[in-house]
Amino acid sequence: MAPRRDPKNVQAWLIGSGVASLAAAVHLVKQAKVPADQVHILDVHHASGGAMEVSGNSKDGYIYHTGAQPYFQEECVTNLLTMVPDPGHPGKTLWEVIKEHEREQGVDFRFNVMVTDLKSYPSSDPTTISEIVLQENGHELLITVDPIDIVIVTLGSVASGMQTGSNLKSPPPPSLSPDSLEHGEWSLWQKLEKQSRKFGNPSNFSSRLSESLVETFTITLRDSDFMKYYTKLTGDKPGTGALLTVMESPWGLNISVPHQPVFATQPKNVHVIWGYALHPERKGKYVEKSMVSCSGKEIFCEILSHLGFPTDPLLSSSITIPCIMPLGTSMLLSRSHHDRPSVIPHETTNLGLIGQYVEIHGDAACSLEYSVRGAQMAVFNLMGLSHGPPKVGKNKFLEVLEELL
Ligand SMILES: Cc1cc2nc3c(=O)[nH]c(=O)nc-3n(C[C@H](O)[C@H](O)[C@H](O)COP(=O)(O)OP(=O)(O)OC[C@H]3O[C@@H](n4cnc5c(N)ncnc54)[C@H](O)[C@@H]3O)c2cc1C
């Protein structure tokens, strides 16, 4: 672990503004006591939230691209939430509440900024970051990083190349090409990899689209009929059951019926559900088209037909918005030992790597908890704090299995 840094003298540069970086900022300010105006968050998008950004309204349909549901027993997320104001803030998502709270404290957010490179020394084995290279308004800019400063990078993004359709149109084909990867948010990790193998191997996760592509959908229901049929079929009230897997679906459909409301602006009579499919390139059972070429309405028609619910009234009182995510399950792809870098790469002094593609022993990616845990590990290590995040909890199923064996 690094020696304790004096928080008053540290400038903290956080690259990315998804949940990983937002969590790192909270822990830097609340626990490491870095003054908020010395925490800088840079993101290529116009707003924070990363893959968990949400949008829409009850008239045009809501959109959330990823499940965005905290799982049970997430100690690091729970710990984070104790440090921010009540998430029940009217009209805001939890991430907007965290961002607004950080902004009020004085954290420096800079959007529409692409970080393209990190300069480091010595070249034989990079240990210390000395400069951040970025593109802003078409200009290349440099930020000098002192050895006491810290840089925390969210590597890549599961949302890269995402395409959204509408109730009546399928999403355009995914926009991820080798060229866009070279210029988008994955390019920074690619440049780091060229400096040293200790920074991991991004192409293991970004170049296997036939294995990582998923399609998600958000369905906005203008009355409660679907919920009544769902409760009758499953015996579960919204928010109490697990994901509903449609076993006979060639698309590999899974439906999540969360506790309502999902959105703070959601009127009482409106319900929002979400789901995903692991094989959207296959033809449906009832709609004989690949899911990727279907409109939202066609996707909902396939779902209703599987469930045996009346199609016409439910289709005419709902809006389904599909979204293709070429890297949706990329964090779960098979990998070699060094493809994922460590949160604190070997022998580095002021760099932390976070997000879904770093190695956290014993923990499972594809969760908020993973990104938040990585952020806590980076902050505790770089700031030399006395204790880090709690140990990764053991999977209950594995515990039972171990007892039995
Ligand atoms: C289909 C699906 C369903 C999911 N469901 C759930 C769920 O129900 N519950 C759950 O806990 N988790 C879920 N997850 C996982 C969850 O989405 C992720 O844990 C979370 O979004 C990761 O956050 P992050 O901050 O690590 O990365 P991201 O959300 O990807 O944010 C990274 C941000 O950094 C920016 N960035 C990266 N590099 C640069 C750069 N060089 N310059 C500028 N900006 C940069 C990116 O543009 C992006 O905005 C799901 C994921 C998927 C794909």
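## Helices, domains and a sheet

Helix α1 passes helix α11 in a right-handed crossing. Keep in mind that this is a predicted model. The two helices, α1 (residues 19-30) and α11 (residues 368-382), pack at an angle of about 40 degrees, and their axes are 8 Å apart. That makes α1 and α11 oblique to each other.

Who touches whom here? On the α1 side you'll find V19, A20, A23, A24, H27 and L28, and they meet a set of α11 residues including L368, S371, V372 and G374. Sorted by class, the residues of this contact between α1 and α11 come out as ten nonpolar, four polar and no charged.

Zooming out, the chain is divided into two domains, listed here:

| Domain | Residues |
|---|---|
| domain 1 | 7-54 + 67-206 + 330-382 |
| domain 2 | 214-325 |

Their C-alpha centres lie 31 Å apart. Where the domains touch, 18 residues of domain 1 are in contact with 18 residues of domain 2. The domain 1 side of that contact has seven nonpolar, nine polar and two charged residues.

Now for a sheet. Three strands form an open, antiparallel one, in the order β6-β7-β8. β6 (113-121) and β8 (139-144) are at the edges with a single partner strand each, so one side of each has no neighbour in the sheet. From one strand to the next, the twist averages 25 degrees.

How many bridges join β6 to β7? There are eight between β6 and β7 (residues 128-136), and the two strands run antiparallel. As one spot to look for, L118 stands opposite I132 in β7.

Technical notes
Residues numbered from 1 in each chain as written. Predicted model: local features only at pLDDT ≥ 70, side-chain atom pairs only at ≥ 80, totals over all residues. Axes fitted to C-alpha atoms, helices over the stretch in contact; angles between N-to-C directions. Helix = DSSP H or I, 4+ residues; strand = E, 2+ residues; numbered from the N terminus. Parallel < 35°, antiparallel > 145°, perpendicular 65-115°, else oblique. Left-handed = near helix turned anticlockwise from the far one by under 90°. Contact = placed C-beta atoms within 7 Å. Nonpolar A, V, L, I, M, F, W, Y, C, P; charged D, E, K, R; others polar. Domains from an automatic or database assignment. Pairing = 2+ DSSP bridges.
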